[in-house]
Amino acid sequence: SSLMMEFQRRGHDVFVIAADDDGKHPEIVFEKGIKILRVPSLSLFGKSKLVKGLSNVLLPYLYKRALKKHRIKLDFDLILMPTPPITLIDVVLWIKKRSKGKLYLILRDIFPQNAVDLKMMNPNSFIYSFFRKKEVKLYEASDMIGCMSQANIDFVKKHNPELDAKKLHLLPNWADLDEIDEVDLNATKQQYGLQDKIVAIFGGNMGKPQKLENIVNLAKRCQDVDDLVFFLVGKGTEKERIFRMVKNLGLKNIILKDSLPKNEYNNILRIADIGLISLSEDFTIPNYPSKVLAYYQFKKPVLASVDLNTDFGTMQEKIKCGYWSEAGNVEAFKENLLKLYHDKKLREELGKNGYDYLKSYLTTEVAYETIMENI
């Protein structure tokens with residue numbers, strides 16, 4: 001990731017261990033001076049919840065075996081662990097004990113509560129208590145915990161009163177500001193028939209958390225707006241169902257694509273006018289959808305439909321980079337969409353605000369400095 005590159009650029013000796021879910025990579029590689037150990041695993045991103053769950057549980061054993069097999073010297077000063085999956089705590093504790101390094105937790109998902117919210121897990125089940133114990137162990141073992149937003153910090157404090165709250169601080173998600181190649185976009189417009197269209201794009205995971213029905217229902221209400229097109233790109237557990245739903249409703253204003261190579265997706269982002277964010281209204285945990293960073297980078301105004309427990313909407317208001325409404329309220333969603341649809345100057349202004357915010361607060365350099373300051 002760009003964060004590891006930043007550590008390396010600042011003179012640190014960086015080692016990365018990562019899951020290789022298709023088993024197609026060599027186990028040890030050097031990329032731009034960083035040693036990477038890829039561990040073949042069951043699919044972490046597959047369709048089956050069972051396979052996904054099982055691979056997360058097996059991962060620490062596979063990591064430990066790979067570290068031993070390749071005789072990796074456990075002499076780390078700093079161990080960075082992002083979530084998900086929280087099951088990695090078992091192998092991380094083993095590394096921490098041997099290396100006496102500090103553990104910094106990059107808290108991205110608050111699991112298992114998010115699975116309970118989405119009715120994918122019963123709070124009274126054995127599996128919930130198994131994962132909840134891992135979560136408690138994870139917070140306890142971490143020397144510092146970087147959270148995505150203030151609401152996340154408050155949530156972790158409230159639900160883990162025994163935790164030393166001094167460990168918690170803000171570490172917003174970061175983006176690498178790539179140089180954006182200027183390419184002729186007419187070809188992309190023609191390829192998808194988007195000449196003279198206003199394009200609202202959603203790119204990313206299509207799972208339960210994103211509840212894409214909210215966007216499909218919005219498109220359904222906007223069929224009378226001739227030159228408005230919804231472009232949905234991604235993969236995930238709900239993709240097939242969403243594709244079927246669009247087909248059954250016979251919606252002509254939605255273009256659906258499987259995940260695309262980054263440069264192709266970037267071209268579509270370039271010609272898009274509005275970036276869409278959707279979160280399920282069932283969440284009790286505050287989420288921060290990281291796909292928004294691509295919208296900021298490409299100066300797109302953000303149109304969000306989110307639950308009331310996240311502070312994402314109010315953060316957008318503060319940045320003045322878009323509009324948000326409560327998930328499930330399609331009327332308010334449509335009203336906000338039409339504000340952006342009718343006003344090109346407004347779209348440009350909000351898009352620029354998002355870009356300026358990204359440049360000032362959400363760069364890899366800022367993330368690196370936040371981690372080093374706190375550790």
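Before I point at anything, one term: two strands count as paired if DSSP finds at least two bridges between them. Please also keep in mind that this is a predicted model.

With that in hand, look at strand β5, residues 102–107, and its neighbour β6. The two run parallel and are joined by 4 bridges. Within that pairing, Leu-105 stands opposite Ile-145 in β6.

Now, what does β6 pair with over 3 bridges? That partner is strand β7, residues 168–170, and the pairing is again in the parallel sense. Here Gly-146 has His-169 of β7 as its bridge partner.

How do you get from β6 to β7? Follow helix α6, residues 150–159: together, β6, α6 and β7 make a right-handed β-α-β unit.

Let's stay on β6 for a moment, residues 144–147. Which way do its side chains point? Met-144 and Gly-146 point one way, Ile-145 and Cys-147 point the other way, and all of them are buried.

Okay, zooming out to the whole chain. We have 15 helices and 13 strands in total. The radius of gyration is 21 Å, close to the 21 Å that the globule rule gives for 375 residues, so the chain is as compact as a globular protein of that length. Along its principal axes, the C-alpha trace spans about 65 × 50 × 40 Å.

As for the inside, 52% of the 375 residues count as buried.

Conventions:
Residues are numbered from 1 along each chain as its sequence is written. This is a predicted model: local features need pLDDT of at least 70, side-chain atom pairs count only at pLDDT 80 or more; totals for chains, interfaces and linings use all residues. Side-chain values use heavy atoms; hydrogens and water are left out. Buried means under 20% relative accessible area, exposed over 50%, partly exposed in between (1.4 Å probe, protein chains only). A crossover is right-handed if, with the strands pointing away from the viewer, the path from the first strand over the helix to the second runs clockwise. The radius of gyration is taken over C-alpha atoms; the globule rule is 2.2 Å times the number of residues to the power 0.38.
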